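Me: Hi! I've got a model open here and would like to talk through a few spots in it. Can you take a look with me?

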Amino acid sequence: MEFNFPPGLILVLGAMALPFLKGKILQALIVLLPVVTLALVWWIPNDNTAVISFLDYQLSPVNSTPTGRLFATIFCIMAFAGGIYAMGQVKILELVAAYVYAGSAIGVTFCGDLISLFIFWEMMAIGSTMVLWAEGSQSAYRASFRYLIIHLLGGMVLMAGIILHVHTTGSTEFSAMQPDNIASILVLAGFLVNAGAPPLSAWIADAYPEASPSGMVFLSAFTTKTAVYALLVGFPGATILIYIGLYMVFYGIIYALLENDMRRILAYSIVNQVGFMVCAIGIGTELALNGAAAHAFAHIIYKALLLMSAGSVLMMTGKRKCTDLGGLFQSMPQTAINGIIGALAISAFPFTSGFVTKSLETAAAASQGMVLVWFLLIAASAGVFLHAGIKFPWFVFFQKDSGQRPPDPPRNMRFSMWGFSFLCIAIGLFPGPLYRLLPYPVEYQPYTASHLVTQFQLLLFAGFAFFVMLPLMKRTLTISLDFDWFYRRFLYIVAREFTIKTSDARTRIEDTIHQHAARFIKRLYRHHGPHGILARTWPSGGMVLWVAIMLAGILLTSALL
Amino acid sequence: MINDQDKHWLYRSTSLPKLWVIQVFILVIALVPEFFLHHHPNFQDQGILIDASVGFTAWYGFLSCAAMVVTAKILGIFLKRKDSYYDE
């Protein structure tokens, strides 16, 4: 049987009903929508390819593949936990936007053609912008506009690429490409904008931390990981992705080390983690692609967990800067424990989800004999512990005692944190079920004595470096300049100068025109005004004289001829 | 100023040396298996054996982190601005 209802639309359409409901029914629907979507994701048979004719093109918006299903599954789980986390605390607009956003992301994972992919892609941009708007503050509003501009720009590039691709190949099918012609390079660039690749990486740390506590939990999961999915399907083995990924990995670490805002630290850490996945997609072997997919799956869970923990702190203290926080483990023990579990998982500590997923990627670099890539990825793995694994829990829950004693957050928020903590450890202890969901068969054994020992050493000595160098990492009330300086400051100055200069020029031109007009009128008045020479009544005596002169002239000429 | 005894154990001035001792003790334990375990080099065919040498990940992890902190510190000189920089 062919199935042609995209499962993501359940969330998108269901979200529209949320504003009209209240109380228990509202809560039930928030929980049920992701569950029903997940059920449909699994109910649609593999290789379902419903084809819909649209104008001259064949669309297949319900194209079920193992990779797509893996991403759709984690997106449903994320929407479920995020919905519970957000329940009761946020405006209904945020939930509607978040579910439209999540549903569109699930839509992308089922697209077999580039046109329906583009439609869901743009729906995601709108949904995520609305999530930011829902926060309601002036700074969130401004950030959402910068965010939307970047994503509309990325969308334009993607659309241009798709149109060229369809025009040259005659096919709308979304399948593996190589970036060797303008069409596919544009498509790649469009995907990379959403992945947070250079030079536009700054949008993640600029926009996401302006969202509400639950808003950023949603935002962290979908846009960048949908981009990872699109790269995984569209550009496996594109060598340039290795270098782009490595850049992102170290960009994330360095900027996170400089950062003072706890949720911006975690935002930079998203770029770092997506960098690992992009690098693995560039390596492109089955092991590497499995690694990227598994890492994306695990990453969504532990990054959401970290942001739930940070969001709880933000909600209970109203503070977001490391310089204002510290010592919170004393009164928020559950938030601290869950934050630490998320931090251990992102650092790939043994027995957590990061350990069994990220190691697939480094193993892929090793098996391909990529010496430099492997050494850099291992250094970056130590760096993850440094910038996110220790820095976040240390500065928020420990360091100095800030004297604040807020309680743990409400029950629904604690519940979703514990749920995700459970998943981080469960996947770490029993990676089998996740491995079976991966696009290719897995013959990898993460738990060897050597791997355990080296990973412990790497992380413990990275931690040692953190505490030895702690004086160098004293928090300051600063932000760090990034590429967004060009559109937030440089272009602003250029635009302001342009306005001043053009308004000066306009004034000058107007003045000149006024002067000319005034001079013209004055001259006209002099000659034609009441006393003007041309307006005078001429005396008749003068007339007689002129007639006499003319007569004399005529007589003279006739006499001469 | 709060009395040292009223603070949480972690924040007492007497606890700090103990915490360092615990940390160094854990690091030593992490190095113990190096006496029994042999790691397989990943790039033997390219003549690179350093990744299987004794305690490689320990010093490599420490030094790469130190390098990243120093790099961030140096870049920070040029990149850091007051956090009200973009506010109008």
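Reply: Happy to! One term before we start: contact here means heavy atoms within 4.5 Å. Also keep in mind that this is a predicted model.

Me: Good. Which residues does A:Ile265 touch, leaving out those up to four places away in sequence?
Reply: A:Ile265 touches A:Ala256, A:Glu259, A:Cys322, A:His387 and A:Lys391.

Me: And where does A:Ile265 lie in chain A?
Reply: A:Ile265 is part of helix α11, which covers residues 262-283 of chain A.

Me: Is A:Ile265 buried or exposed?
Reply: Buried: its relative accessible area is 0%, and the cut-off for buried is under 20%.

Me: How far is A:Ile265 from A:Ile253, C-alpha to C-alpha?
Reply: Those C-alpha atoms are separated by 9.0 Å, and the two residues are 12 apart along the chain.

Me: Switching to serines. What does the side chain of A:Ser144 reach?
Reply: It reaches the backbone oxygen of A:Tyr141, at 2.7 Å. A:Ser144 belongs to helix α6, residues 138-169 of chain A.

Me: Which residues is A:Ser144 in contact with, beyond its neighbours within four places in sequence?
Reply: A:Thr129, A:Leu132 and A:Trp133. A:Ser144 is also buried, at 1% relative accessible area.

Me: Now B:Ser64. Which backbone oxygen lies 3.3 Å from a polar atom of its side chain?
Reply: That of B:Gly61. B:Ser64 is in helix α2, residues 56-79 of chain B.

Me: What does B:Ser64 touch, if residues up to four places away in sequence aren't counted?
Reply: Two residues of chain A, namely A:Ala379 and A:Ala382.

Me: Why does B:Ser64 count as buried?
Reply: Because its relative accessibility is 11%, and buried means under 20%.

Me: Let's zoom out. How many helices and strands does chain B have?
Reply: Two helices and one strand, in the order α-α-β from the N terminus on. The radius of gyration of chain B is 21 Å, well over the 12 Å that the globule rule gives for 88 residues, so chain B is more spread out than a compact globule. Its C-alpha atoms fill a box of roughly 60 × 45 × 15 Å along the principal axes.

Me: What share of chain B is buried?
Reply: Buried residues make up 27% of its 88 residues. Chain B exposes about 6,000 Å², with 69% of that supplied by carbon and sulfur atoms.

How values were computed. Residues numbered from 1 in each chain as written. Chains lettered and ligands numbered in written order. Predicted model: local features only at pLDDT ≥ 70, side-chain atom pairs only at ≥ 80, totals over all residues. Heavy atoms only, no water. Helix = DSSP H or I, 4+ residues; strand = E, 2+ residues; numbered from the N terminus. Rg over C-alpha atoms; globule rule 2.2 N^0.38 Å. Buried < 20%, exposed > 50% of the residue type's maximum accessible area, 1.4 Å probe, protein only. Areas by Shrake-Rupley, 256 points an atom, 1.4 Å probe, with all protein chains shown as cover. Polar contact = N/O pair within 3.5 Å; in protein donor to acceptor, adjacent residues only side chain to side chain.
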